[in-house]
Amino acid sequence: HREGTDGVPALNLFVRGRHAHSDWMPAGNVVPDEATIHLINYYRDTGSDTARKELDDIIAKSLAGAWEANTVIDETIFSVYPHLRKKQSELEFGYKISHENLSKEQQTIHMLPLGSRLHP
């Protein structure tokens, strides 16, 4: 998913199995709210590690909430990638920002620090 015509950045989610599969696979996207858009713009303009860590945390919390509610996981990820259902405890998630004027580093997939949020 690319940035919208209105200039709103897109946050694309990715998933992969920690041991069995090293390639990131598309897993949907998150529509950022106004505060997150401002944070993305700040990250884009400054390259701030603090801003990126805040983005990581916001997206990780959103994904953890969806995991608990079983909305994203069953309906999206496991229906598209059924082989990952057996590896639920080994999944890694990442995101990529689609927005204008990002550096090459800012355009890479950032792995989310989910840890025990998804795996009790």
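Reader: In this predicted model, which residue forms a salt bridge with E92?

Author: A salt bridge is a side-chain nitrogen of Lys or Arg within 4 Å of a carboxyl oxygen of Asp or Glu. The closest N and O atoms of the pair are 2.8 Å apart. E92 lies in strand β3 and its partner in strand β1, so the contact ties together parts 76 residues apart in sequence. Strands here are DSSP runs of E of at least two residues, and helices runs of H or I of at least four, numbered from the N terminus; the partner of E92 is R16.

Reader: Over how many bridges do strands β1 and β3 pair?

Author: Two strands pair if DSSP finds at least two bridges between them. Strand β1 covers residues 10-17 and strand β3 residues 91-98, and F14 has G94 as its bridge partner in β3. The pairing is antiparallel, over 8 bridges.

Reader: Is R44 buried or exposed?

Author: Buried means under 20% relative accessible area, exposed over 50%, and partly exposed in between, with a 1.4 Å probe and protein chains only. R44 meets D45 in a salt bridge at 2.9 Å, N to O, and D45 is exposed at 56%. R44 has a relative accessible area of 18%, and is therefore buried.

Reader: What are the cut-offs on pLDDT, and how are residues numbered?

Author: Residues are numbered from 1 along each chain as its sequence is written, and side-chain values use heavy atoms, without hydrogens and water. Totals for chains, interfaces and linings use all residues of this predicted model, whereas side-chain atom pairs count only at pLDDT 80 or more and local features need pLDDT of at least 70.
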